[in-house]
Amino acid sequence: MKCPECGAAELGRDTRDHTYSYKGQTTTIAAVTADYCPACNESLTMLEESDRVIAAMRALAKQINSSLVDPV
Ligand SMILES: [Zn+2]
């Protein structure tokens, strides 16, 4: 399958660690299996993997937002 983002290359299945940044904090989502574009680095995440990635992003956001609450 050609990359839908740039159309320049075939996507290749791979498993990589993703990093996600939120409000200056970064988390690593380990071993995400997806189809990656060698030309532009676009990734198409598998459905079940994308659920896990989104859950990890939400967990980080929640953790950061709760730690930003000023103690009174
Ligand atoms: Zn591409």
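Predicted model: local features only at pLDDT ≥ 70, side-chain atom pairs only at ≥ 80, totals over all residues.
View 1. For reference, the ideal angle for four tetrahedral donors is 109.5 degrees.

**View 2. Cys 3 and Cys 37 link distant parts of the chain.** Cys 3 sits in the segment before β1 (12–22), while Cys 37 is in the loop between β2 and β3 (43–45). That puts the pair 34 residues apart. Buried or exposed, how does Cys 37 count? Cys 37 is buried, with a relative accessible area of 0%. Cys 3 is buried too, because its relative accessibility is 3% and the cut-off is under 20%.

**View 3. Thr 27 on strand β2.** Look for Thr 27 in β2, the strand covering residues 25–36. Thr 27 is partly exposed, at 22% relative accessible area. Leaving aside residues up to four places away in sequence, Thr 27 touches His 18, Thr 19, Tyr 20 and Leu 60. What about Ser 66? From C-alpha to C-alpha, Thr 27 and Ser 66 are 16 Å apart in space, and 39 residues separate them in sequence.

**View 4. Glu 49 on helix α1.** This residue belongs to the helix made of residues 47–67. Glu 49 counts as buried, with 14% relative accessibility. Again skipping residues up to four places away in sequence, Glu 49 touches Ala 31, Val 32 and Thr 33.

Note on methods. Residues numbered from 1 in each chain as written. Heavy atoms only, no water. Helix = DSSP H or I, 4+ residues; strand = E, 2+ residues; numbered from the N terminus. Buried < 20%, exposed > 50% of the residue type's maximum accessible area, 1.4 Å probe, protein only. Contact = heavy atoms within 4.5 Å.
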